[in-house]
Amino acid sequence: MKNVIHIIIIIVSCLVAGILGGKLNTTQRELAPSKEAISGMPLGGFQKFISDMEWMLFVNYLGSLNTVDESNVDEVSRRLERLMSHDPNLGKIYQEGALMISIADPEKTVEILTKACNNPHLKSNSQIPFYAGFVMVQHMKPPKYKEAIPFFKMAVDRSGGGEGFNNYYASYYYRAKAKVWSDGKFDDRHALLHVLYDSWLGDTRDENYVGGGTMTLKIVFLTRYGTLKMSLKTINQLLMAINSLMRLFNVSSVIAIYAMLVLLHMAQVLSTAVVVALNLKFTEYASFAKKQFCQVLSSARLLDKNFPKNLKNNQ
Amino acid sequence: MNEIIAIAGSTWKNVLRLKVVYFLVFCVWVLIASALNYDVLSLGLHKELLVDASLFLNTITGVLVIISLTFEIPKELKEGVASTMLSKPLGRTNYLIGKMIGYIVIGAIVCALVAIGSFLIFNVSFSEPIGVAMLQNHILIILSLIPMAAIAVLFSIALPEIIAPIVTVLVIWFAHSTSMLSNLPIIYGGIIPDLELFNFKSEAVYNNAVSWRYVVMVALWGICYAIFASSLASLIFSRKDIK
C-alpha cells in the first residue's frame with residue numbers, strides 16, 4: 001500500500017513538473033531571447049562568467065600583439081566568435097573587439113556588427129550600427145555607401161535625437177546618401193545640399209527619409225531695403241538647372257556651385273546678415289541638417305573668395 | 001512532521017555551528033571583492049564582473065553544500081547512525097526528507113550570507129542601490145537548491161558512496177544544458193531536470209529583471225521536481241537493507 005502511494009506521488013509530481021517545466025522553458029525563452037544564441041556547450045550555466053574570463057584573456061591577447069593584420073586576424077576573429085557564443089549581449093565585444101579587425105578584415109567586422117545590430121538586447125545601442133556603416137565606407141574597398149545607409153539610419157534612430165545624439169551619425173548618414181545620389185557625377189557639396197534639401201522637404205518617396213512632418217526652409221536675406229526670401233527649393237532648383245545646363249555644355253559641375261555662389265554673393269552685398277529662418281516643425285535631424293547646410297555654405301563661400309576676381313579676369 | 005523537523009534541525013545545527021563555514025563565507029566575500037581589481041584588465045567591466053562573480057561563487061557555494069549531502073547520507077548509513085535513528089519510530093521517508101530539508105536550509109543560509117555580503121560590497125564600491133535583477137538571481141540560486149538537494153538525495157541512496165557525489169555533480173552540471181530536450185513533453189522537466197530555468201545570470205549582469213511570477217513558478221517547479229526525486233529515492237530506500 002505504501003509503495004502504491006509512493007508510485008502515485010511519483011507519477012503525479014512527474015506530470016506536474018513536466019507540464020510546468022515545458023511552460024517555464026517557453027517563458028524563459030521570451031524573457032531571455034539571447035539564450036537561443038548562446039552555444040549549446042554544457043558549461044554548467046556559467047556561460048556569462050566564462051565569457052568574462054574570455055574577455056579579459058582577449059584583452060590580454062590583444063595587448064601582446066603589435067598590430068592586427070593578416071597573420072593574426074583569424075585568431076582574433078576566432079576568439080571574438082567564441083566570446084559571442086558565450087555572451088552575445090556583451091556590447092564591448094562589438095564596440096571594442098570587432099573594431100580591432102576592421103582594417104585587416106572589414107567584411108568579417110561588418111558580419112559581426114550586423115549580428116549585434118539584430119540582437120534585441122542591444123537595440124538601444126547606437127554606436128554598433130554606426131561602426132558597421134563606418135567600416136563599410138571607410139575600410140571597405142570600394143566603399144559600400146548604399147549598404148551603409150541603413151546602418152547610419154539605424155544609428156540616427158537609436159540615438160533618439162536627445163542628449164546622446166551624435167552629430168557624426170547624421171553627418172555620415174547624409175554624406176553616404178549624397179555619395180549614392182551623386183554617383184560620382186556631381187560635386188560632393190552639391191550632392192549633400194540636394195540630400196539635405198530632400199530631407200527638409202520630407203520627401204516621402206525617399207525610404208530613408210529621416211525628417212518628420214512637413215518642413216519648409218527659407219533662407220531670409222535681411223537687406224537694407226527689406227527682406228528677400230528665397231526658399232531652399234528655389235535655390236536647389238536653380239542649382240539643378242544651372243548644373244544641368246553646365247553638364248549640357250560639358251562643363252564641370254563645380255561651376256554650378258560657383259554659379260550659385262554668385263547669387264549668394266550678390267545677396268550678401270545687399271545684406272547685413274543672413275539668417276536661416278525656419279517655418280516648421282523641426283526634428284533633431286533637421287536641426288543637425290541645418291548646421292550641416294550652414295557648413296556647406298561656409299565652405300562654399302571660402303571657395304567663392306576669389307570668384308569675383310576670377311570672373312573679372314575671365315571677362 | 002515533527003520527526004522531519006527534528007532530523008532537519010539536527011542536520012542544520014550540526015553544520016551551521018561549525019566556524020569553518022563562516023570562514024569560508026568570508027573567503028567568498030574576499031573573492032567577490034577581488035573582482036574590483038579587474039577594472040583595467042576588463043576594460044571597465046569590473047562592475048559587471050563583480051555581479052557575475054558573486055552569482056558564480058554563490059552557485060558554487062550552493063552546489064558544494066548539496067554535494068556534502070551525498071557524503072552525509074552514505075556515511076550515516078555506513079556508520080550505523082541512520083539505523084539507530086530508523087530503529088526509533090521514524091520512517092525512512094521522513095529521514096530522507098528531514099536530511100534534504102536540513103541541507104536546503106543550510107544552503108539557503110550560507111547562500112543568503114554570500115548574497116548579503118556581495119550586496120554590501122557592491123553598494124560600498126559603486127554607491128549604487130542593488131538591482132532587482134541581482135536580487136532575483138540570488139533568490140533563484142537559493143531556490144535551485146531544492147531540486148538539487150532532491151537529486152543529491154536520490155543518488156546518495158541509489159548509488160555507492162564513492163560514485164554518488166561524482167554522478168550528482170555531473171547531473172547538476174549537465175542539467176543546465178537540457179533545454180535542448182524541451183520538445184520531449186513530461187520527460188523534460190518531469191524526469192530530466194532543467195536547472196537552467198533558474199539561470200538568469202547574464203540578465204542580472206545587465207540588470208534585466210524577470211517577473212516575480214516567473215520566480216514563483218520556477219520555485220513551484222523546483223518543489224514538484226523535489227517531490228518526484230525524493231519519492232523515488234524513498235521508494236528505493238524502502239527496499240534497501242540497512243545494517
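Two residues are in contact if their C-beta atoms, placed from the backbone, lie within 7 Å. The model is predicted.

Start where the two chains meet. Chain B puts 47 residues into the contact, and chain A puts in 36 residues. H10(B) gives the most, with 13 residues. By residue class, this side of chain B holds 31 nonpolar, 11 polar and 5 charged residues.

Now cross to chain A. Its secondary structure comes to 13 helices and 3 strands. Chain A has 315 residues, of which 35% count as buried. Take its contacts with a separation of 6 or more. Residues 24 or more positions apart account for 60% of them.

Helix H1 of chain A covers residues 2–31. From first C-alpha to last, this 30-residue helix reaches 42 Å, close to the 44 Å expected at 1.5 Å a residue. What do the buried residues of H1(A) pack against? They pack against H8 and H10 of chain B. Among these buried residues are Ile10(A), Val16(A), Leu20(A) and Leu24(A). Gly18(A), Gly21(A) and Gly22(A) are buried too, as are Asn25(A) and Gln28(A).

Stay with H10(B), but look inside chain B. Its axis and that of H5(B) (residues 92–126) come within 9 Å and cross at roughly 135°. That angle makes H5(B) oblique to H10(B). The crossing is right-handed. Arg92(B), Thr93(B), Leu96(B), Ile97(B) and Met100(B) of H5(B) meet Ser230(B), Ala233(B), Ser234(B), Phe237(B) and Ser238(B) of H10(B). The residues of this contact divide into 5 nonpolar, 4 polar and 1 charged.

H5(B) has another partner, H6(B) (residues 132–158). Here too the axes come within 9 Å, and they cross at roughly 155°. Angles over 145 degrees count as roughly antiparallel, so H5(B) is roughly antiparallel to H6(B). H5(B) passes H6(B) in a right-handed crossing. From H5(B), the contact includes Leu96(B), Met100(B), Tyr103(B), Ile104(B) and Ala108(B). From H6(B), it includes His138(B), Ile141(B), Leu145(B), Ala149(B) and Val153(B). The residues of the contact of H5(B) with H6(B) divide into 15 nonpolar, 2 polar and 1 charged. Leu96(B) and Met100(B) also belong to the contact of H5(B) with H10(B).

Conventions. Residues are numbered from 1 along each chain as its sequence is written. Chains are lettered from A and ligands numbered from 1 in the order in which they are written. This is a predicted model: local features need pLDDT of at least 70, side-chain atom pairs count only at pLDDT 80 or more; totals for chains, interfaces and linings use all residues. Helices (H or I, at least four residues) and strands (E, at least two) are DSSP runs, numbered from the N terminus. Ala, Val, Leu, Ile, Met, Phe, Trp, Tyr, Cys and Pro count as nonpolar, Asp, Glu, Lys and Arg as charged, and the others, Gly among them, as polar. The expected span of a helix is 1.5 Å times one less than its number of residues. A residue is buried if 20 or more other C-beta atoms lie within 10 Å of its own, exposed if 12 or fewer, and partly exposed in between; C-beta atoms are placed from the backbone. Axes are lines fitted to C-alpha atoms, for helices over the stretch in contact, and angles run from 0 to 180 degrees between N-to-C directions. Angles under 35 degrees count as roughly parallel, over 145 as roughly antiparallel, 65 to 115 as roughly perpendicular and the rest as oblique. A crossing is left-handed if the near helix is turned anticlockwise from the far one by less than a right angle, and right-handed if clockwise.
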